[in-house]
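Biologist: I would like to go through this structure with you, one question at a time. Please show it first.

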Amino acid sequence: MTKPFPFSAIVGQDDMKQAMVLTAVDPSIGGVLVFGDRGTGKSTAVRALAALLPPIRQVAGCPVNSARKADCPDWAEVEDTRLVNRPTPVVDLPLGVTEDRVTGALDIERALTRGEKAFQPGLLARANRGYLYIDEVNLLEDHIVDLLLDVAQSGENVVEREGMSIRHPARFVLVGSGNPEEGELRPQLLDRFGLSVDVTSPRDVDTRVEVVRRRDAYERDGKAFLRDWEAADADLRKAILAARKALVKIATPDAILRDCAALCIALGADGLRGELTLLKTARAQAAYEGATDVSRAHLRRVAPMALQHRLRRDPMDEAGSATRVMRVVTETLGPIQAAAE
Amino acid sequence: MNDGHPWGLARDALRLIALDPVGMAGLWLRARPGPARDGVTAALEALSPRRIHPGLSDEALDGGLDLAATLAAGAPRYRDSILAGGGLVCLAMAERCSAALAARLCQAMDAGHCGLVALDEAAEEGEGMPLALRDRLGLFVALDGIALADLAPLAPIAVDPATRTRYADLALTEDDHRTLVETCAALGIDSLRAPLLAGRAARGLAALAGRDAISARDLQRAAMLALAHRGSPAADEADTTPDPTPEPDTTDQDDAPETAASLPSELLVEAALATLPQDLLARLADDRQARSASSAHGSGAAIRGNRRGRPLASRPGRLDGSARLDVTATLRAAAPWQTLRAAQGGKRLVHLRPSDFRIRRFDQKSDRLLIFTLDASGSQAMARLAEVKGAIELLLSQSYARRDHVALIGFRGTVAELLLPPTRSLVQTKRRLAALPGGGGTPLAAGLTAALDLARQVAGQGFTPSIVVLTDGRANIDLGGQADRMRAGQDAARVARVIGATRPGGLVIDTGRRANAQLQELAGRMAAHYLPLPRVDASQLGTAVRPILAS
């Protein structure tokens with residue numbers, strides 16, 4: 001398989017890249033939703049992210065990518081218990097997918113050939129400790145969405161069917177992309193995504209030419225192109241790893257906690273999930289920037305992506321949700337100059 | 001045969017597909033079946049495409065265990081996904097392609113597994129391929145309006161290795177990239193896939209012509225093949241004027257060092273626009289909008305005629321002729337017992353007992369469609385249209401929360417118009433609503449007729465329609481479009497009675513300043529709720545409508 005387009009070579013789309021890097025720093029932020037026009041590099045960025053992420057250490061034969069031998073589920077009957085490095089899994093969830101394939105089902109092959117009742121793990125098992133990518137997430141059928149919500153919430157996949165009772169860990173980061181013109185996403189699912197960013201096609205001719213030029217170079221001579229961007233990607237990976245280490249040491253002043261609460265109250269964002277995500281994202285941002293504690297500047301940077309999809313829906317508001325968030329941020333935290341002092 | 005003749009374009013497109021099926025991503029062939037299309041598909045045979053159709057099963061798409069072969073052999077037999085393995089896939093009846101299938105095809109194309117030739121027979125407005133798929137297909141050829149005399153047989157497609165090497169070696173210059181990007185901007189094309197695919201087509205054309213450099217003609221022809229259909233008909237004027245600043249200085253810079261090879265993007269725009277007849281362009285653009293609105297409920301269900309409903313777990317059951325057997329579930333149920341049953345009952349490949357039969361079940365709760373029928377006439381427009389729009393927005397947000405589908409019909413002047421086909425997209429609804437102008441007569445009867453027609457149509461597609469009429473009730477245009485107050489009232493009453501007989505349970509909102517007895521009567525005829533709202537107060541409307549919507 002050809003290597004995906006390098007993450008650092010994606011032109012512009014800073015918000016999207018930023019959001020993805022932050023979930024890589026702290027996977028517990030809970031995923032990214034990318035909404036926007038066609039052909040703006042949404043799919044490219046997700047696939048690039050996979051290549052960028054550091055490998056995970058896992059039991060070689062384990063279907064749910066367990067980190068230790070003791071964590072492997074009983075039903076898997078893992079034979080190969082060596083610990084190996086594998087690339088972070090990124091699993092595609094295609095639109096027309098059946099419930100069987102998502103949750104896993106009876107292994108019909110073993111049933112037919114050996115007459116044994118065994119479990120065949122599905123996509124959720126493969127996505128454990130990695131990313132679950134749903135393109136056109138807003139077109140996904142409702143019953144699959146319900147199922148995903150349930151698993152994303154509990155971090156565990158429970159299968160009760162065909163006389164089997166199976167459970168296994170399924171902690172993954174949801175990455176969804178889609179085009180809002182084709183249909184909206186249910187608020188319940190929106191809320192499950194940690195961050196949300198809007199992407200648009202760049203309007204400026206020079207930027208567009210650059211996008212086309214790089215893509216063309218990548219397709220014509222992939223090896224050379226990847227070599228050119230290898231260093232940049234490696235730097236980014238290093239920065240992410242450093243930020244992951246630094247994350248635990250980031251101090252969070254009480255004033256920032258109060259700011260988070262004030263922001264969420266002012267915006268009327270439902271539930272505490274928004275507040276928690278905002279704080280986590282700001283911490284990840286601080287760690288990524290190499291700061292020692294979270295500041296208002298970090299909050300300001302991440303507030304739109306952490307909160308814009310949690311606003312109580314005013315479907316007819318002319319201004320985009322991001323604009324509304326920025327307005328409230330400015331009202332609550334004061335204008336940018338004041339923060340810089 | 002002139003430059004932009006569809007037959008010539010078809011030939012070029014075929015040769016490009018033969019040269020690099022995966023790189024060109026594919027060909028969108030818009031044509032009704034006939035000698036012209038047969039000619040093209042016959043030429044395609046040389047590339048031995050794998051044929052698929054919109055009803056393709058998941059098993060075939062994904063590959064995996066081949067149940068029939070497995071049962072026959074008694075050992076697992078696998079087959080590959082039909083999309084894997086490179087080469088070309090040919091999708092017949094592409095206009096019926098579901099969003100789910102499109103997503104799979106897009107994934108395969110993005111991963112470079114295959115190129116796709118989509119045979120699109122779209123005839124009706126709103127029919128068409130999912131947008132994601134359209135965006136990815138590189139080349140477009142429409143075979144409409146070709147005379148039989150023009151059909152020269154297409155030579156068998158063969159690409160020699162020298163051409164392939166040349167294709168691999170050719171590169172677009174910075175100027176070529178810029179020209180294509182500017183052309184896209186002028187044509188109002190947002191997607192960045194377009195200039196990339198056009199660039200690839202230009203390289204291919206140059207290679208096929210045996211040239212070592214890409215000429216202006218190649219770019220022009222590539223624009224005709226890969227960009228023309230993506231543009232909107234009048235975009236060239238609308239989109240170039242707002243940003244005049246980047247245009248002059250880029251052309252200055254680029255033209256100075258190299259005049260021979262570079263081509264002003266205006267020429268490409270002209271060529272692209274001249275390729276397709278304006279009415280086709282307009283149709284494609286309309287289609288794009290209609291499609292993005294109507295595909296909201298996914299999986300192309302509305303096109304198929306009935307919503308499949310949410311699949312439930314299969315149940316044990318008896319095969320009585322009407323039930324559908326869930327083969328996989330049946331085999332699954334039987335599987336664990338095979339060794340045991342084999343010990344009891346002789347040599348057979350599969351031991352099935354009646355108790356193993358599993359029957360498919362679907363939860364067939366149909367979706368509701370709210371048909372908003374909005375009076376945008378002069379009497380209404382003067383005072384109330386903005387208020388009424390606000391009220392509709394409120395209703396929309398409520399129906400959104402309930403996951404209802406929404407359609408919008410406006411009536412003014414002498415006609416009623418379907419402003420928005422059934423959709424769940426608020427963005428679309430909002431946009432259409434904002435764009436609705438007011439003024440003219442009140443063709444209430446025409447509005448009701450349009451609503452009734454739509455209601456009948458979608459009922460056939462498995463929706464449960466409800467009609468919501470917002471008017472001040474002074475009908476003054478009859479069904480024939482004549483200004484005749486009497487006849488207009490009679491016509492409206494007649495249509496209302498038909499609605500009452502077939503689709504009861506709607507809602508008539510009287511937006512007049514005083515409650516209108518005539519309108520109350522009309523609501524009675526429609527067997528609909530009547531709601532006088534002398535002042536359209538958003539919250540009041542919300543409270544009033546909620547119980548009616550909930551019923």
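**Loops, helices and cysteines**

Modeller: B:Met93 lies in the loop between β5 (88-91) and α5 (99-110) of chain B. Keep in mind that this is a predicted model.

Biologist: Is B:Met93 buried, partly exposed or exposed?

Modeller: The phi angle of B:Met93 is positive, near 50°, and this residue is not a glycine. Its relative accessibility is 36%. Buried means under 20% and exposed means over 50%, so at 36% B:Met93 counts as partly exposed.

Biologist: B:Ala25 also has a positive phi without being a glycine. Is B:Ala25 buried or exposed?

Modeller: B:Ala25 sits in the loop between α1 and β1 (26-30) of chain B, and its phi is near 65°. The relative accessibility of B:Ala25 is 11%. The limit for buried is under 20%, so B:Ala25 counts as buried.

Biologist: How do α1(B) and α2(B) run relative to each other, roughly parallel or roughly antiparallel?

Modeller: Two packed helices are described by the angle and the distance between their axes. For helix α1 (residues 6-19) and helix α2 (residues 35-44) of chain B, the axes are 11 Å apart and the angle is about 20°. Angles under 35 degrees count as roughly parallel, so α1(B) and α2(B) are roughly parallel.

Biologist: What is the handedness of the crossing of α1(B) and α2(B), and how many of the contact residues are nonpolar, polar and charged?

Modeller: The crossing of α1(B) and α2(B) is right-handed. On the α1(B) side, the contact is made by B:Trp7, B:Ala10 and B:Leu14, which meet B:Ala36, B:Gly39, B:Val40, B:Ala43 and B:Leu44 in α2(B). The residues of this contact divide into seven nonpolar, one polar and no charged.

Biologist: How many disulfides are there over all chains?

Modeller: A disulfide is a covalent bond between the sulfur atoms of two cysteines. The cut-off is a pair of sulfur atoms within 2.5 Å. Over all chains the count comes to zero disulfides.

Biologist: Which cysteine has the sulfur nearest to that of A:Cys264?

Modeller: A:Cys264 counts as buried, at 4% relative accessibility. A:Cys264 is in no disulfide, and the nearest cysteine sulfur is 6.7 Å away. That sulfur belongs to A:Cys260.

Biologist: What share of the residues of chain A counts as buried?

Modeller: Chain A has 14 helices and 11 strands. Among the contacts in chain A with a separation of 6 or more, 74% join residues 24 or more positions apart. Of the 341 residues of chain A, the share that counts as buried is 54%.

Technical notes. Residues numbered from 1 in each chain as written. Chains lettered and ligands numbered in written order. Predicted model: local features only at pLDDT ≥ 70, side-chain atom pairs only at ≥ 80, totals over all residues. Heavy atoms only, no water. Axes fitted to C-alpha atoms, helices over the stretch in contact; angles between N-to-C directions. Helix = DSSP H or I, 4+ residues; strand = E, 2+ residues; numbered from the N terminus. Parallel < 35°, antiparallel > 145°, perpendicular 65-115°, else oblique. Left-handed = near helix turned anticlockwise from the far one by under 90°. Contact = heavy atoms within 4.5 Å. Nonpolar A, V, L, I, M, F, W, Y, C, P; charged D, E, K, R; others polar. Buried < 20%, exposed > 50% of the residue type's maximum accessible area, 1.4 Å probe, protein only.
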